[in-house]
Amino acid sequence: MEINPGSSESASLPTEANPLSGADLVEQRYATLEQSFLSHRPKEDAAKVRAAFEFARDQHSGQARKSGEPYILHPIAVAQNLVDMHMDLVCVETALLHDVVEDTGINIEEIRRRFGNEVAVCVDGVTKLGKIHLYSREEQQAESVRKMLLAMVSDIRVILVKLSDRLHNLRTIGSLSREKQTRIGQETLDIYSPIAHRLGMGKVRAELEDLAFAAIDPEAHQDILGQIEHKRKASQEFLEGIRKSLEQKLSREAIPARVEGRLKRPYSVYLKLRKQKIPIEQVYDLLALRIVTDSLKNCYAALGVIHNEWPPIPGRIKDFIAMPRPNGYQSLHTSVMGTGGQAFEVQIRTEEMHRLAEEGVAAHWKYKEGRKGKSTEEQYVNWMRQLVEWQQEMRDPGEFMSTLKVDLYSDEVYVFTPKGKVVVLPRESTPIDFGYSIHSDVGNACVGAKVNNRIVPLKYALKNGDIVEILTQPGHMPSKDWLGLVKTSKARNKIKGIINATERSKAIEIGEKYFEKEARRLSIPISKLDEGILAEVFADYGVGKIEDLFANLGYGKIEARPILMRFDPNRSANEESKAPEPIPSSAAQTPFDKDAKNLALRVKGLNDVMIYRALCCNPIPGEAIVGYITRGKGVAVHSVSCSNVQNLMYEVERKIDVEWAKPGGESFDVQVSIMTDDRPGMLAQFTQVLFSENSNIRSLEARGDDERGGDGAIVEMKIEVRDKRQLEKILSALRRIPGVRDIERKS
């Protein structure tokens, strides 16, 4: 879909060097597209491609991108990407038509009539739900992605067109506002690049990630590029020497192979530096060689040659040939120590493995030639089909998107059942995840686990090669605490379902007792409640039966007194105006009473509701927030990005809309942790930044960072800020101080 960016392609517009008019430029680009398509698929009907192009061109007539170039150049570029992947006629037609339904007056039935059902289904799957009224951007994005995933399950070409569309938009994103660039880049990293990864499309994933990284944080992107460039000459000389030496040794052992060198991608370097908090010199796979040979046997033979010449780094050997990744990726990985203590990585694979690693699902279309029905790409969508099934019941868009992000981009761990069956789980999965992967009943009844024949706690993070045995107890049910331990959607959803039923049962019991107590206090006999009035109450409170009403009372969402008063119209107005007795609960013991009437927050449409900021994430004005109704403690307000939010929202009905009130001059404490060089003057520079931004330090603690070689320090500060904007300005200024390695917001 077009996001109307400006183009970064120098040849896109008429210039002195490129005097073509807009129409001529369009024809030139289309001619290149058609010629490429026929060179890859000479048996296809080029007239159908021409028909799709002319229809799209006519419908987009008069539309232009922000750069001024004709709009139709975008669909042509998307189609060209797919032609380069050797995709089929339907896919290319879909690419040319993918924006017609969304951006013109044409409906999907017209597409079906002109171009057939296959093209119509794919175009419909790619089309965003922009014309449907939804309450928020989050809901619109969630429903659009949900629709796209459902369409993808039935036809993989939907997502291939979407990935190509996103790739071209990122290549030409330059003239969009910073806010839009950041939003589109983040969406790419959250959804589209993980999907490309899951489909085995390493080449597309790599470009999506690097372009998105540059869009989100251009300063960090340039900094990483600078560090890589600084080492480039020496790195290339080192790799070239290793490459020549390795080619000679492989030739001597009669192992046919080509050897390629590469530097790690900017975004991958950035992630590793941020996660491990290490300098670039300690990134073992910054330098890498790839050996592509002719057979499986020679892959392992080449590994032996490498380890005979250079000592392997312990724990860095991975055999993805014997145990392929879920996306079909196969290769041998090893990291070794070269001359002068310079580490480098080597990947070893066959030609077929290399083709699949680069192109993934798209590689199969080079040979499919329009054949219909199930094919080898089925393996790539099985995981998506399962994911869609797990998430069918998720009504909350925030929960859907958050869970999707976790499922899409998890590294894998390979473990075994006691009988030797391989089970693939997200990294850091626990025995509980393993139990649910075997069967829901096994997960529910889990009371303990053995790993490698030793008892381990349920929070144990499974490691590659572990042999896992689940200990069960009939009748046992999962605990709410498990939500903080599990990593898989299947486990999370099963646990939530059981907890939801248990919590609701408790809420109904509490609500019923509260209703009866309040009725006795008001001398209203509940055994004789007027059924007509009761039906009105159900309608006014949006419930279908008395149990739903009791549940809302038990959760503290509504009060009993106003309901009961409707059954006693003769009670005096004076009596009705008395303040209701508080809901019996443990509210008096809550540690949040001091913050219960937080003036900076309010529940939308309600007044006088006890509300407080959750201590786990400590949201500040300007951040997106969500409210969660607790029993007896009022409404807890979390940042939507809080790691605890998904653990709490197992009962969607307890979510409530909250908002920041108008600024009242309040300040909010924020805890930050700064990783920095250990040198004199750093604290003075920190305090100068805070002074210039009119912020105050509430507390400060500095200590040496012994875990990183002793040359660093960690500074923990609690600072006062007015809102998110001021905090971002402060953190940005702190990051610019020479010697600052990383900054984390703790709460």
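What follows is a set of questions and answers about a predicted model.

Q: How many helices and strands does the protein have, and what share of its residues is buried?
A: There are 28 helices and 20 strands. Of the 747 residues, 50% count as buried, a label that takes under 20% relative accessible area.

Q: How do you know that Ser523 is exposed?
A: Its relative accessibility is 63%, and the cut-off for exposed is over 50%, so Ser523 counts as exposed. You'll find Ser523 in the loop between helix H21 (489-521) and helix H22 (531-541). Its backbone is worth a look too: phi of Ser523 is near 60 degrees, a positive value in a residue other than glycine. As background, most residues other than glycine have a negative phi.

Q: Why is Thr417 called buried?
A: The relative accessible area of Thr417 is 12%. Buried means under 20%, so Thr417 is buried. Thr417 lies in the loop between strand S6 (412-416) and strand S7 (422-426). Leaving aside neighbours within four places in sequence, Thr417 is in contact with Val423, Phe434, Ile438, Ile467 and Val468.

Q: Why is helix H19 described as largely enclosed?
A: Because 6 of the 8 residues of H19 (residues 431-438) are buried. Those are Pro431, Ile432, Asp433, Phe434, Gly435 and Tyr436.

Q: What makes strand S5 largely enclosed?
A: Here 8 of the 8 residues of S5 (residues 343-350) are buried, so the strand is largely enclosed by the rest of the structure. Ala343, Glu345, Gln347 and Arg349 point one way, Phe344, Val346, Ile348 and Thr350 point the other way, and all are buried.

Q: Which strands pair with S5, and in which sense?
A: Strand S2 (residues 287-293) pairs with S5 in the parallel sense over 6 bridges; Val292 has Arg349 as its bridge partner in S5. Strand S4 (residues 332-337) pairs with S5 in the antiparallel sense, also over 6 bridges. There, the bridge partner of His333 in S5 is Gln347. The hairpin of S4 and S5 has 5 residues between the strands, and in it Gly340 takes a positive phi near 75 degrees.

Q: Why is H21 called roughly perpendicular to H23?
A: The axes of H21 and helix H23 (residues 546-555) cross at roughly 90 degrees and come within 6 Å. Roughly perpendicular covers 65 to 115 degrees, so that is the term for H21 and H23. Residues making the contact include Ile508 and Phe515 of H21 and Phe550 and Leu553 of H23. By type, the residues of this contact divide into 9 nonpolar, 2 polar and 5 charged.

Q: Which members of the largest nonpolar core touch the most other members?
A: Of its 59 residues, these are Ile76, Leu82, Leu96, Leu97, Ile111 and Met201. A second, separate core of 38 residues includes Phe213, Cys299, Ala302 and Leu332. Going back to Ile76, and skipping neighbours within four places in sequence, the residues in contact with Ile76 are Val26, Arg29, Tyr30, Leu33, Phe53 and Leu96.

Technical notes. Residues numbered from 1 in each chain as written. Predicted model: local features only at pLDDT ≥ 70, side-chain atom pairs only at ≥ 80, totals over all residues. Heavy atoms only, no water. Core = buried A, V, L, I, M, F, W, Y, C linked by side-chain atoms within 4.5 Å. Buried < 20%, exposed > 50% of the residue type's maximum accessible area, 1.4 Å probe, protein only. Contact = heavy atoms within 4.5 Å. Helix = DSSP H or I, 4+ residues; strand = E, 2+ residues; numbered from the N terminus. Axes fitted to C-alpha atoms, helices over the stretch in contact; angles between N-to-C directions. Parallel < 35°, antiparallel > 145°, perpendicular 65-115°, else oblique. Nonpolar A, V, L, I, M, F, W, Y, C, P; charged D, E, K, R; others polar. Pairing = 2+ DSSP bridges.
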